[in-house]
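Hi,

Here is the structure I promised to pass on. Have a look at it first, and then read my notes below.

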Amino acid sequence: MKSRLILCLLILLAGLHACKRHEISVPEQLKDISGQWRITKAVRNGVDITTLADFTKFRIRFTEKQEYRIENPMPFVVNKNGHYSLDDPAYPLRISFLQSGTDAPVSTGFTYPVVNGKRNLVFSFSPGCTANTYLYTLERIAP
């Protein structure tokens, strides 16, 4: 009888221990935008202008050292090479560009969606004239 009581207590303790809540922390991956990107869609003031200009040659390369290099510039947030930084490496909502030869960073909002299994960057900006707002979707073409 005493052994059954001990066995029941052990089962009860094992059951209570099994019900303990274990917190599993999965850290968010840092967003890596390094690589070469090209424009796949351009919208100005709500109108798709992708086919109205040759956006195919524009390239921007982000490096892991937080530098960027623009090839074949188009209207963009910046037009010179320089450095960039993200407001939050895990959940970035804004990117700041610091063009070479300037002291004032230019910041803009962006999103980082996955479309058809590929990471995209979507920039919303107004280069100079606030009456014109551009929305560029960029696709990574090389790491």
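Let's start with glutamate 28: at 38% relative accessibility, glutamate 28 counts as partly exposed. (Buried means under 20% relative accessible area, exposed over 50%, and partly exposed in between, with a 1.4 Å probe and protein chains only.) Its salt-bridge partner is lysine 31, with the closest N and O atoms 2.6 Å apart. Lysine 31 is buried, at a relative accessible area of 19%. By salt bridge I mean a side-chain nitrogen of Lys or Arg within 4 Å of a carboxyl oxygen of Asp or Glu.

Before going on, keep in mind that this is a predicted model: local features need pLDDT of at least 70, side-chain atom pairs count only at pLDDT 80 or more, and totals for chains, interfaces and linings use all residues. Residues are numbered from 1 along each chain as its sequence is written, and side-chain values use heavy atoms, with hydrogens and water left out.

How many salt bridges does the structure hold? There are 3. (Helices, H or I of at least four residues, and strands, E of at least two, are DSSP runs numbered from the N terminus.) Glutamate 139 is buried at 14%, while arginine 38 is partly exposed at 30%.

Glutamate 139 also meets lysine 118 in a salt bridge (3.8 Å, N to O). Here lysine 118 sits in strand β9 and glutamate 139 in strand β10, 21 residues apart. Through shared partners, Arg38, Lys118 and Glu139 are joined into one network. As for lysine 118, its relative accessibility of 42% makes it partly exposed.

Now for the strands around β9. Two strands pair if DSSP finds at least two bridges between them. β9 and strand β10 (residues 134-142) are antiparallel and share 6 bridges, and phenylalanine 123 stands opposite tyrosine 136 in β10. Strand β8 (residues 114-115) pairs with β9 over 2 bridges, also antiparallel, and valine 115 has lysine 118 as its bridge partner in β9. The hairpin of β8 and β9 has 2 residues between the strands, and asparagine 116 takes a positive phi near 50° there. Strand β7 (residues 106-111) is joined to β9 (residues 118-125) by 2 bridges, again antiparallel; threonine 111 has valine 122 as its partner in β9.

Cheers
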